[in-house]
Structures are given as C-alpha cells and as structure tokens.
Amino acid sequence: MSSIVCHLPIDTQNGIATDARIKKQRPPPLVVSRPRDLIQEACKHLSISDHQLRRIMQLMEKSMEQGLATSTKNVAVKMLPTFVDSVPNGTEKGDFLALDLGGTNFRVLHIKLEGKETKMTGKIFRVPESIMRGTGEALFDHIADCMAKFMEENNLKDATKLPLGFTFSFPCEQDGLTKGKLVTWTKGFKASGVEGADVVTMLRDACHRRKDIDIDVVALLNDTVGTLMACAFQENTCQIGVIVGTGTNACYMERLDRIPKLAGYVDEHGVTPEEMIINTEWGAFGDDGALDFLRTKWDDAVDRESINPGQHLYEKMISGMYMGECARVVLEDLAKQGLLFGGHSDAISVPHCFPTKFVSEIDSDLLEDDDRTFQKTYQILEDIGVEMITANDCANVAYVCSLISTRAAHLTAAGIAMLLNRINKPHVTVGVDGSVYRFHPTYPSLLDAKIAELIVGDIEYKLMLSEDGSGRGAALVAAVATRLKEEKLAAMSSALSASKQ
C-alpha cells in the first residue's frame, strides 16, 4: 500500500504554502505551560477516532445508496451517472481533441495516442467578462472560434473528423455520454440561455455555424472522471478518482446492478454495460444532518459565513477553500479564552486572514524544524498583525494546524476506504489530484496510513497522482468512447452477418 508523496515547490495561486524566505527572528524560548493542556482539552473534538471514522463510512455508504436509488431530488449525495462504462485498455490509438472549460480560462488540446505513449499539445484561451455575462450563443461562438484558431495553428482543420472530450466543470445533469444540461452557472458565469440547455448541442451548433471545423463531441465529463481516466491510462486497475483541492469530489466504478435508478438502461447501441463510473458529488455528504454528530462549533462558524450555508458540509471540513478558515476560527476562539497571544484576538479575528497556505507552511515548520524554533510560524503570525508572540503561541498554533490537517486527511480516508470496501476488488488504484494532495506536506502520508487502517479484508490499493485529468483525461474518455463504439458496431455487424448465413 503506497501513495505518491510530493515535495514540490508550492504554488500560492493554488492556495497552498510557498517556499517564501522567512526572517531570521525567533520568539522567546519555549517553556512548559498550563495553557497547552487547556488547549488540548478545548480541541479534543478535532481528533476523530477510528470508531467515529467507521461510523462516517457507514453513513456515507447509506447516503450514496440513497443517491443511487432515486433521482437527485431530496438526497444529499447525488450519485450522478456519467455514462462512462470502461477505462482505457491500452489499444486506444489515434488523434483526439479535448476542450476543458471550468473558469475564466479554457484549454483546447490535441492528443495523439499510440499504446501507452501520448503526445499532447494545447493552448489556453481567455473568456472575456463581457462574454461570460453575454448570451450563451456568443459564449459558444467564442469557444468555437478559439478551437478553430487552435486547429489551424496545429494543421488539424483538414484532418478527418476528430473525436472530442468536453470537460465542463459546472453543475450538469447528464442523460447520456453526450447529453448534459447545465443546472446553474457558477464561478462568475452568467451567459443567458444556457441554464437548462444541453451544452453539447450548443457546442455542436456553434461549430456548425462556422462551417470550417469538423469535430465529433463523443463525451461530456467532469474533472473527477478525467482524474480517474488519466490514471487508468497508466494503471488499468484504477477504479476510483478523487480530487482534494479548492473543493473535493470522488467518482468510482459501480456495478450497474447496484444502480436502481438506471434499471433497464441500454446504451445507444442497445447494450447494457456491466459497470459505470458514478460521480458521487460527495462534498455534499452531511447536508442532511449525517455529520452533525461530528461537526464542531467552529465548523458551524465557518459554514455560517460561507457563500452557501448548510451546503457541502463534508467539503467544508476537508478542502483547501476552507481548511485555513477552520484553523483561524479555532485560533480566534482560543485567543478570546486567553489561551493564545496573551488574550489579544483582534489580528486573528479578521475573516480569511489565515489562508490554507499558512496551514501548509506551519505543518512544514513542524516537519523541518527539529529545534522547534518555529521561524515560519512566527513570521506568519507577525505578518497578520499578532503582537507579543511567544514560543508557546507558535507551538500551540502549530498544534491546531496539525489537528485541522489530520482531520481533513482522515475524513477523506474514510470516504476512500468506504469505496475500496464497496468495490471489493483485490487490486485497486486510486487516482488523486488537487492542490491539497499535491502540495500539503503531510496530507498524502496521513491519508495513506489511515486508509490502510480502515479497509477490510485483503484489498491491496495504491494512491496515484493523476496528471491533467481535465485535459488528458477528457481526451482519454473520448478515446475509450470511440473504441467502444467501434467494437460494438463490429459486434453488431458480425451478428447480422451470422444471422444471414
């Protein structure tokens, strides 16, 4: 059992710590202090026992089964069918396009597959704010225009009709591999006429209006599915994809006979697949109260001040968007109790003054600082305006940050272990991506160790860092969809020939 632990330069734009130079200042010497005992007592609910984690696993699986049984209404964990029913098997080959739209920038990529080898070229384009807030037709015309420029620059305009995988990272309700209606815009997009419309149809129509590019949209997916597929290209045993970055989500390969809401499903070729990747949307686990037994007053405070109170409660205990704020509200409370910073709480009381990159950097301080001088921690506290910082303050801040990080890793481990137990295959690779997993100094090892403790039986698993799920993964979904289509058409032709004999 292993995971890939990254020790890369940290990217501040992804919200995780940087290798910034720290002033060579030191707080006063560390002394034994009764407040530390009081802080440990106050923070005891941030530590989650294995018994509690196993209860979370049971509750999460129950929520997922509710999502598999019914439509998405009135269930916390939506369990959305993706209509992707196979992973790469190594025989995929040819040229494929990928379109990755998930924010103010989008990418167009060309990927050439030959066995396990890939050659990829791509270009990033901007979506101007006027187009983000204009009409849907203008938005997709802009996308088609950028695709046409990319294809011309890469001598692809005269190529045969190229299969395209479309990563569309907005809430979407899919009815098939190439059918998906936008539920609601997020991330600042307000283009009219798109909500409730099929985004694949809108992309195809925009391309047809140009008359100079010929593409075949063969798959619509989200970035979590892409994460799984990008890893499955390297490891055919990949059955789970997980993202732990700004937000968190997971997908996994589920048996069709355990998806009641797809009873009777047949694909466009009249075939019923044995399995299908399910997009869990597990960030919303607990929105129905399932996590109330575990959530603290600090979690309530973070949720109340968020943009979506009462929603995505599991995500708010795990992801990079909230980890720093969780630590901040704990530190603010301890300061107001007189247990930190001499009781001075003004500096730490400013919302969002303590981003997740600080948690990462302070955890790194604990790892690298054998002498416990806490230079990075001291500098961070000084930079946000805390005065009269003692070594005990630094040690206690580091303690709180380690509790928040460990809790996040262990909660994620519970979700992954539950999926591994549910899949119950002897060898499973878990594809993982996201800035928290990539760059937090202790998160990968904490995650791996706890999964090992929570799985049952003789399951062997491996955590694998995914490479470019939203881009490469989209092209791979397109490649698999093309291979399956060709195989099914060949089988139908063979059956038809046999029936005539």
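Six of the seven residues of strand E8 are buried, so E8 is largely enclosed by the rest of the structure. Here buried means under 20% relative accessible area, exposed means over 50%, and partly exposed is in between, all with a 1.4 Å probe and protein chains only. Strands (E, at least two residues) and helices (H or I, at least four) are DSSP runs, numbered from the N terminus. The model is a predicted one, where local features need pLDDT of at least 70, side-chain atom pairs count only at pLDDT 80 or more, and totals for chains, interfaces and linings use all residues. Residues are numbered from 1 along each chain as its sequence is written, and side-chain values use heavy atoms, with hydrogens and water left out.

E8 covers residues 215-221, and its neighbour E5 (residues 162-168) pairs with E8 in the parallel sense over six bridges. Two strands count as paired if DSSP finds at least two bridges between them. Along this pair, Thr167 sits opposite Leu221 of E8. Val218 also belongs to E8, and with 13% relative accessibility Val218 counts as buried. Val200 is 18 residues away from Val218 along the chain, and their C-alpha atoms are 9.3 Å apart.

Rolling a probe the size of a water molecule over the atoms shows where empty space is left. The search runs on a 1 Å grid over the protein atoms alone: a cavity is a set of points where a 1.4 Å probe fits but cannot get out, a pocket is an open set with protein on both sides within 12 Å along at least five of seven lines, and lining residues have an atom within 4 Å of a point. Grid points are joined across faces, edges and corners, and a volume is the space filled by probe spheres set on the points. The second largest pocket has a volume of about 470 Å³. Its lining is made of 24 residues, and Phe83, Leu177, Thr178, Val218 and Glu268 lie nearest the centre of the pocket. Strand E6 (172-176), E8 and helix H14 (472-500) are the elements that give two or more residues to this lining, with H14 giving the most, six residues. Sorted by class, the lining has 11 nonpolar, four polar and nine charged residues. For this sorting, Ala, Val, Leu, Ile, Met, Phe, Trp, Tyr, Cys and Pro are nonpolar, Asp, Glu, Lys and Arg are charged, and the others, Gly among them, are polar.

About 30 Å³ of space lies in the largest cavity, which is lined by Arg295, Asp299, Val302, Asp303, Leu313, Lys316 and Met317. Three of these lining residues are nonpolar, none is polar and four are charged.

Helix H7 (residues 297-304) has Trp298, Asp299, Val302 and Asp303 buried. These four cover an arc of only 140° around the axis, so they are on the same side of H7; the arc is that of the directions from the helix axis to the C-beta atoms. Lys297 and Arg304 are exposed on the other side of H7.

The loop between H7 and helix H8 (320-336) holds His312. His312 is not a glycine, yet it has a positive phi of about 55°. Most residues other than glycine have a negative phi. His312 is partly exposed, with a relative accessible area of 25%. Met79, also not a glycine, has a positive phi of about 50°. Its loop lies between helix H2 (50-69) and strand E1 (80-81), and Met79 counts as buried at 0% relative accessibility.

E1 leads on to an open sheet of six strands, which has the order E1-E11-E10-E9-E12-E13 and mixed pairing. E1 and strand E13 (460-465) stand at the edges with a single partner strand each, so one side of each has no neighbour in the sheet. Within the sheet, E10 (residues 248-255) and E11 (residues 275-279) run antiparallel and are joined by five bridges, and Cys251 stands opposite Asn279 in E11.

What about disulfides, that is, pairs of cysteine sulfur atoms within 2.5 Å? The count comes to zero. Cys207 is in no disulfide, and the nearest cysteine sulfur, that of Cys146, is 11 Å away. Cys207 is buried at 2% relative accessibility. Cys353 is buried as well, at 15%, and its sulfur is 12 Å from the closest cysteine sulfur, in Cys401, which is too far for a bond.

Notes:
A disulfide is a pair of cysteine sulfur atoms within 2.5 Å.
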